[in-house]
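Thanks for coming. Please look at the structure on the screen, and I will walk through a few parts of it.

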Amino acid sequence: MSWGTELWDQFDNLEKHTQWGIDILEKYIKFVKERTEIELSYAKQLRNLSKKYQPKKNSKEEEEYKYTSCRAFLSTLNEMNDYAGQHEVISENMTAQITVDLARYVQELKQERKSNFHDGRKAQQHIETCWKQLESSKRRFERDCKEADRAQQYFEKMDADINVTKADVEKARQQAQIRHQMAEDSKADYSSILQKFNQEQHEYYHTHIPSIFQKIQEMEERRIVRIGESMKTYAEVDRQVIPIIGKCLDGIVKAAEAIDQKNDSQLVIEAYKSGFEPPGDIEFEDYTQPMKRTVSDNSLSNSRGDGKPELKFGGKSKGKLWPFIKKNKLSLKLGATPEDFSNLPPEQRRKKLQQKVDELNKEMQKEADQRDAITKMKDVYLKNPQMGDPASLDHKLTEVSQNIDKLRLEAQKFEAWLAEVEGRLPVRGEQTRRQSGMYDGQGGPTGNSCAQDRESPDGSYTEERSQENEVKVLAADFDDEFDDEEPLPAIGTCKALYTFEGQNEGTISVLEGEILYVIEEDKGDGWTRIRRNEDEEGYVPTSYVEVYLDKNAKGAKTYI
């Protein structure tokens, strides 16, 4: 099967067919190129999608990723980023192995096709030229034969005519001979050209054209093979990334299987647990009997009667309340958040303190590493003075050592507060270190007084009597100074959401559902100042009450 023998007369059709083959190849190149652009666009969109949902650094979103479900989602985003990378690999490999390679091959193919058909046209033009020579020789031979025939007839006519002279006859005879010779020459020339043409034609149809068409056939077959190989490469490029894409998908499945709903539930407890005990039963209040005070005017702790917890409703005179307000309230206002996080519930306070201790330990370790590095550098300078002056590092070494000492003292302070909180959980309740500011100012016990605490019969922690007596004396010292103070006006009302036992100086006990007056709203320290009546006012945690402020209130309201 050869185009040279089977398609010897289809030169034009073969030219059209080979051009069509090149067009098909260029169309396939365009297809692959558009596929690579789609892969790149898809990879870019996947990367943007993954980046869009990535948690922002130093934001609240980062805290959410402590939950296993959120970590699984983060793993999904990371795997999708790797997944996008594989589509970029597909695009790169298709461009390098198919698009670029085929584009170069198409240029070579066009040059080869042009050369082959140029040779074919050249052979075609040569045989056409030979054919024209043959036709010209044939026409000349035909013309000479006719001329010789006419000359012979004219001679015979002259020879038969008796009236014609002998000279005219001789002239006609010579003319006839000349024409006859010319016919013979033309015949010989025609015969020679015909023989040559037949030889050229035989070579054209049996040698030149088959050879040229065979080259064109081989060129076309190579094109077909090449496009087939490109299609295999197209599939292989995709197949090469399938294992990696499978690993990405396996990573997503593994992350999903790692989700632990129990662990997430425990994290919710750790994040929001306050450490308080649930409120107990509400005692019956007999309004037919005069209300009895449960706490004396100069008492700071629960009565030790039958061991049952009794709710205290302030019971402090104006003179007894002002010392706490004027000094400790002022100390709370100095910073939005107390250094020891005493404005937080016990469990949350413990977490904050633990976090602070860990941060300080990391900073100490960093400073210690820096000190070790400086020490090693100093040793190098001592051994090799040409590298530097060892004395130049003494100042830096002293500075780092001082920083370590400061950080160590700071860590010890927070560790003491942490030990205090851990010693009081989980039954400590809402007791805070609000009295610490007053103690420091009066030269009394320091804030770290957990060693002097003891547990009351109802399970809560109270201060020792020595502290109670000391605070009572301190409170008495300020009685005369603030007795004449006018009470602050009410700026709204509040409803107690939970029962709160005010066991520290300056606080007031409330019952769940009780309505009271607000005389000072939360200033950012987590405490709200409220009033029950003229003699009972103090602070409660802001989270324990629902406040309804009266924006139009300008003066004091009547008391309950």
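I start with Thr-18, which is buried, at a relative accessible area of 1%. Buried here means under 20% relative accessible area, exposed means over 50%, and partly exposed is in between, with a 1.4 Å probe and protein chains only. Thr-18 sits in helix α2, residues 11–52. Leaving out residues up to four places away in sequence, Thr-18 touches Arg-113, Phe-117, Ile-216, Met-219 and Glu-220. Contact means heavy atoms within 4.5 Å.

Before going on, a word on the source. This is a predicted model, where local features need pLDDT of at least 70 and side-chain atom pairs count only at pLDDT 80 or more, while totals for chains, interfaces and linings use all residues. Residues are numbered from 1 along each chain as its sequence is written, and side-chain values use heavy atoms, with hydrogens and water left out.

Now the whole chain. Of its 560 residues, 37% are buried. The chain has twelve helices and seven strands; these are DSSP runs numbered from the N terminus, helices being H or I with at least four residues and strands E with at least two. Among contacts between residues at least 6 apart in sequence, 75% join residues at least 24 apart.

Next, helix α5. This helix covers residues 166–257, which is 92 residues, and spans 133 Å from first C-alpha to last, close to the expected 136 Å. The expected span is 1.5 Å times one less than the number of residues. Where is α5 kinked? The kink is centred on Tyr-204 and is about 45°, the bend being the angle between axes fitted to the seven residues ending at a residue and the seven starting there.

Ser-230 is also in α5. Ser-230 is buried, with a relative accessible area of 6%, and, apart from neighbours within four places in sequence, is in contact with Tyr-28, Ile-98 and Leu-102.

Last, the second largest pocket, of about 570 Å³. A pocket is an open set of points on a 1 Å grid over the protein atoms alone, where a 1.4 Å probe fits, with protein on both sides within 12 Å along at least five of seven lines; lining residues have an atom within 4 Å of a point. Helices α3 (60–64), α6 (261–272) and α8 (346–383) each supply at least two lining residues, and α8 gives the most, with four. By class, the lining has four nonpolar, two polar and six charged residues. Among them are Lys-60, Tyr-272 and Gln-348.

Technical notes:
Grid points are joined across faces, edges and corners, and a volume is the space filled by probe spheres set on the points. Ala, Val, Leu, Ile, Met, Phe, Trp, Tyr, Cys and Pro count as nonpolar, Asp, Glu, Lys and Arg as charged, and the others, Gly among them, as polar.
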